[in-house]
Every structure is written in structure tokens, then in C-alpha cells.
Amino acid sequence: MAERDPDDRRRARAVLRILERTYPDVRPLLHHDNPYQLLIAVILSAQTTDAQVNSVTGQLFREFPTPRDLARAQQRAVEHCIHSTGFFRAKARNIRAAAGQLCERFDGRVPHAMSDLLSLPGVGRKTANVVRGALFGKPAIIVDTHFARVSRRLALTDATAPQRIEKQVAELLPPASHYSFSMRVNYHGRYRCLARRPECQRCEIRILCPYPESVGCSDCC
Ligand code: SF4
């Protein structure tokens with residue numbers, strides 16, 4: 001995107017103010033009791049739904065309650081637990097290896113530096129940003145399919161590459177609000193700004209969104 005229009009900043013802040021009222025609770029939808037569990041759950045959430053991940057993590061963390069337990073687990077046993085999340089062989093390898101790295105390099109704790117998180121197997125920027133935002137209160141723009149779609153419809157970004165979307169949206173808002181904005185836009189994508197049929201007529205932020213007019217209301221309402 002070329003030079004950012006100050007109006008985009010005002011619009012992004014206005015979107016956030018409305019979505020703060022619309023979605024007051026921004027805790028992650030992935031069930032977890034501690035940082036280790038959230039990290040593993042986010043790795044498992046690739047290419048599947050949060051509900052699917054939540055359906056397997058109860059048993060997974062009962063069987064392997066600490067990073068050390070998971071690092072020492074048999075590949076087959078972990079695969080069995082997470083089978084229904086898809087890509088289960090690669091995910092089992094990644095979460096076992098990530099747990100091992102937590103033990104070897106970080107004293108069994110989840111690190112907060114982006115570079116440390118990105119060095120863990122199975123952890124990309126989305127996972128790292130969820131962990132940094134949810135656990136450590138760091139500025140974090142979390143680009144998943146919902147966030148990317150809603151941000152583009154709102155014309156807050158024209159990018160398709162996640163890292164470019166992250167950068168463009170981050171420019172519009174104070175760092176302290178990045179995580180809050182991410183989670184709320186994500187919720188809006190799940191519950192209102194649906195992929196196939198966004199509910200523009202009922203949308204809380206329609207007044208701030210150019211999408212309905214750009215496509216004609218019959219396409220989206
Ligand atoms: S007006 Fe429509 S396209 Fe824009 S954010 Fe709302 S639901 Fe999504």
C-alpha cells in the first residue's frame with residue numbers, strides 16, 4: 001500500500017472501539033491452562049478448527065502434562081491423540097520437537113521473544129503472535145484466514161501475504177492495541193463477516209466498511 005491515508009488510521013481506531021463493545025471477551029478460543037498448553041494448541045490449530053483442537057487437547061495434556069512428558073512421548077502415542085486434527089504425523093513430530101526445545105533451551109518455559117518462538121518446530125508468525133499477545137501482552141497482529149478477509153474488506157490492507165497484511169495493519173494502530181484488534185477482528189470474521197455471505201445488513205461496523213458498496217448489497221446482504 002502506498003502512503004497510508006490518515007483516514008485509514010481513524011477508521012481502524014473506530015472499528016476497534018465498536019468491536020471492543022461487540023466482543024468484550026478476547027481470550028483465545030483454544031482451551032489451555034498454561035503457556036505450554038497454549039503453544040501446543042496453537043501449533044495443532046494449523047489447517048483445522050479451534051473446536052477440533054479443543055476436542056483432542058484434553059486427552060493430550062492428561063497423557064503428557066509437561067513439556068518433558070511430551071518430548072519423551074512415543075511418536076505413535078502422540079499421533080493417536082491428535083489424529084483427528086489432520087496432518088497428524090507432521091504435527092506430532094513438531095509438538096514433540098517443540099516440547100524438547102522448550103526443555104533444552106528454555107528451562108521448560110515458553111519464550112516470549114519472536115526470534116526464539118520462530119525457532120521452535122511448527123511455529124510460524126501466526127502462532128508466535130498468538131503466544132506473544134495472549135501470554136505476554138506484547139504487540140501482536142495475528143493474521144489468520146478470518147483476519148485477512150475482514151481486513152481486506154475493510155480496506156485496511158490490500159495485501160494477500162500474511163506478513164504484508166500484518167505490517168500494513170500494524171501501521172494503523174498503536175502497538176498496545178494490536179492484540180485486542182486482532183482478536184476482535186478475528187471474532188468478527190467468525191461470527192459476522194463470514195467468508196461466503198457476510199452479514200453486512202446487521203454488521204456493527206458497516207458504516208466504516210467500503211465492502212458492501214463496492215460489491216453491491218445484493219451480493220452480501
Ligand atoms: S460491512 Fe460486511 S464486509 Fe464489512 S465488515 Fe461488516 S460484514 Fe464484513
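These legends describe several close-up views of a predicted model.

Residues are numbered from 1 along each chain as its sequence is written. Because the model is predicted, local features are given only where pLDDT is at least 70 and side-chain atom pairs only at pLDDT 80 or more, whereas totals for chains, interfaces and linings use all residues.

**View 1. The shell of residues around the ligand.**
The ligand is surrounded by 15 residues, a residue being near a molecule if its C-beta atom, placed from the backbone, lies within 6 Å of it. Cys193, Pro198, Cys200, Cys203 and Cys209 are the closest of these residues. At least two residues of the shell come from each of helix H9 (145-153) and helix H12 (211-215), where helices are DSSP runs of H or I with at least four residues, numbered from the N terminus. By class, the shell holds 11 nonpolar, no polar and four charged residues; Ala, Val, Leu, Ile, Met, Phe, Trp, Tyr, Cys and Pro count as nonpolar, Asp, Glu, Lys and Arg as charged, and the others, Gly among them, as polar.

Just after H9 comes Ala155, with a positive phi of about 60 degrees, in the loop between H9 and helix H10 (162-170). Ala155 counts as partly exposed because it has 16 C-beta neighbours inside 10 Å.

**View 2. Phe87 between two helices.**
Most residues other than glycine have a negative phi. Phe87, however, is a residue other than glycine with a positive phi, near 45 degrees. Its place is the loop between helix H5 (75-82) and helix H6 (88-106), and with 13 other C-beta atoms within 10 Å, Phe87 is partly exposed.

**View 3. The packing of H5 on H6.**
The axes of H5 and H6 lie 9 Å apart and the two helices pack at an angle of about 120 degrees, the axes being lines fitted to C-alpha atoms over the stretch in contact and the angles running from 0 to 180 degrees between N-to-C directions. That angle makes H5 oblique to H6, since angles under 35 degrees count as roughly parallel, over 145 as roughly antiparallel, 65 to 115 as roughly perpendicular and the rest as oblique. From H5, the contact is made by Gln75, Val78, Glu79 and Ile82, and from H6 by Phe88, Arg89, Lys91, Ala92, Arg93, Ile95 and Arg96. These contact residues divide into five nonpolar, one polar and five charged.

**View 4. Helix H2 and its neighbours.**
Helix H2 is largely enclosed by the rest of the structure, because eight of its 10 residues are buried. The buried residues are Tyr36, Leu38, Leu39, Ile40, Ala41, Val42, Ile43 and Leu44, and they pack against helix H3 (50-63), helix H4 (67-72), H5, H6 and helix H8 (125-136). The axes of H2 (residues 35-44) and H6 come within 10 Å and cross at roughly 150 degrees, so H2 is roughly antiparallel to H6. Tyr36, Ile40, Ile43 and Leu44 of H2 meet Lys91, Asn94, Ile95, Ala98 and Leu102 of H6 in this contact, which has seven nonpolar, one polar and one charged residues.

Ser45 is found in the loop between H2 and H3, and it counts as buried because it has 23 C-beta neighbours inside 10 Å. Leaving aside residues up to four places away in sequence, Ser45 touches Leu30, Asp50 and Val53. From C-alpha to C-alpha, Ser45 and Cys200 are 28 Å apart in space, and they are 155 residues apart in sequence.

**View 5. The packing of H1 on H11.**
Helix H1 (residues 6-22) and H11 pack at an angle of about 65 degrees, with their axes 10 Å apart, which makes H1 roughly perpendicular to H11. Leu16, Leu19 and Glu20 of H1 and Ser180, Phe181, Arg184, Val185 and His188 of H11 make the contact.

Terms used: Buried ≥ 20, exposed ≤ 12 C-beta atoms within 10 Å, placed from the backbone. Contact = placed C-beta atoms within 7 Å.
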